[in-house]
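Q: I would like to go through this structure with you. Could we take it one part at a time?

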Amino acid sequence: MSGQSRRDFLGRLVATALSVSAVDPTGRPAEPTVPPARPFRVRTITAGVGLTSTTELDRVEAAIAVLQRGRKLFEDEGYEVETLRVATPPLVADLTGAARDAALTDLRALDRLAQDRDVLVAIGPILLADRADPGLAAWAAELARTTTKLSFSVTVAAPGTGTQPHAIQTAAEVMLAISRSTPGGLGNFRFAAAAHIPPGTPFFPVAYHAGPDSLAIGLESASLVEAALRSARDPRDATARLRTRLEESLGPVERTAAAFAQREGRRYLGIDPSPAPAKDRSIGAAIEALTHRPFGSASTLDACAAITGALKSLRVRTCGYAGLMLPVLEDPVLAQRATEGRYGVHELLLYSSVCGTGLDVIPLPGDIPSETVARLILDVAALADRLQKPLAARLLLLPGKRAGDLARFDDPLLADCGVMRID
């Protein structure tokens, strides 16, 4: 599977997908998905690289060689590996003015290398401090417009600082600028407002690196969760069954990854067990398997808590979010239920109190004022700070779309979905 990007991988896969059955107008829970050959994919092998400058492409190339060896090792053991990723320290976070503009040239060179080697790269937060930065939105939009493989974020809450109101407003302005400068506003797929995100998180776009060179694993395991929950008697039984199933499946991954990292002289950070979904593996279907109700109905929150309980009690080394992901546009059942109006943005915030990543890949109207976007980011930041947990806001502001419009995407990663309403 060398030389595949995640889009290439899923584009071919969806053509012969293990499809989630269509949802009928009565809103009945999704039928079981067809069991895959293996219970999960390796969504990412992520290498953290301790760069001190945006010009150190040789160190990035060395990390890519490590990742390629890691891909072969996992594939030889029968795992599908979707992507290889590199995370760097937040090298541009303290830059302003001419220095930041000059860094664009280096970052474009990094993007060309990533394109050539078919890897994804996260450059970390482009703003860490709580300060107004009037020039950052235009700079970020230019970065998103002129690259395809780079992800980045703005830190809007952190341990010891709490929520950061100036950074929150800046993050909102960045989102709006990116939405207006990239086709369909989809450049925001590679940007997020990040709250309490620790270094070493393997999932993008919030990943960044700190410390010695490292290795972390992220999974795509929604179908494994569905299989475990479908036979559960109640939420408590679901937590126990899912914990057992995950530990049985993740144990071999941990042994392989830890031994590989040691051979390569890299610090092993662990596995982010967050059950990322895909077009053919739905976390929405998994939750409905437990509740026997459409996602968004009463008891959805309880099901989210049951899954999170299993993820937080695993006896393997975990890293990153280690929580339930609900990326609306990446999951066909979540997208369908949103289109049906069974849940909205505020329900997703409620679910985030007991699970995963915050507001992830949310389709919103393109004409939202920056103040409204900032208030929504503030809610995510406040929740992360109050609960001391990693959350993010990855909002797709869709130019020309209004609440209730159907957004269609010519992208194998994204499901068609009704644009969600925001007050």
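Q: Which residues of H6 are buried?
A: Ala222, Ser223, Leu224, Val225, Glu226, Ala228 and Leu229 are the buried residues of H6. Buried means under 20% relative accessible area, with exposed over 50% and partly exposed in between, for a 1.4 Å probe and protein chains only. Helix H6 spans residues 222-230 and is mostly covered, with seven of its nine residues buried. Helices (H or I, at least four residues) and strands (E, at least two) are DSSP runs, numbered from the N terminus.

Q: What kind of model is this?
A: This is a predicted model, in which local features need pLDDT of at least 70 and side-chain atom pairs count only at pLDDT 80 or more, while totals for chains, interfaces and linings use all residues. Residues are numbered from 1 along each chain as its sequence is written, and side-chain values use heavy atoms, with hydrogens and water left out.

Q: What do the buried residues of H6 pack against?
A: They pack against strand S7 (214-220) and against helices H7 (235-263), H8 (283-291) and H9 (300-311). Contact here means heavy atoms within 4.5 Å.

Q: Changing topic: where is Tyr208?
A: Tyr208 lies in the loop between strand S6 (191-195) and S7.

Q: Is Tyr208 buried or exposed?
A: Tyr208 is buried, as its relative accessible area is 16%.

Q: What does Tyr208 touch?
A: Leaving aside residues up to four places away in sequence, Tyr208 touches Ala87, Thr88, Pro90, Gly124, Pro125, Ile197, Pro198, Pro199 and Gly200.

Q: And the largest nonpolar core: how many residues does it have?
A: The largest nonpolar core has 125 residues, and those with the most contacts inside it are Leu326, Ile377 and Leu395. H5 gives the most to this core, with nine residues. A nonpolar core is a set of buried Ala, Val, Leu, Ile, Met, Phe, Trp, Tyr and Cys residues joined through side-chain atoms within 4.5 Å.

Q: Which residues does Ile377 touch?
A: Not counting residues up to four places away in sequence, Ile377 touches Val156, Ile168, Ala171, Ala172, Met175, Ala193 and Ala393.

Q: At what angle do the axes of H5 and H12 cross?
A: The axes of helix H5 (residues 165-181) and helix H12 (residues 370-387) cross at roughly 125° and come within 8 Å. Axes are lines fitted to C-alpha atoms, for helices over the stretch in contact, and angles run from 0 to 180 degrees between N-to-C directions.

Q: Which residues make the contact?
A: From H5 they are Ile168, Gln169, Ala171, Ala172, Glu173, Met175 and Leu176, and from H12 they are Ser370, Val373, Ala374, Ile377, Leu378 and Ala381.
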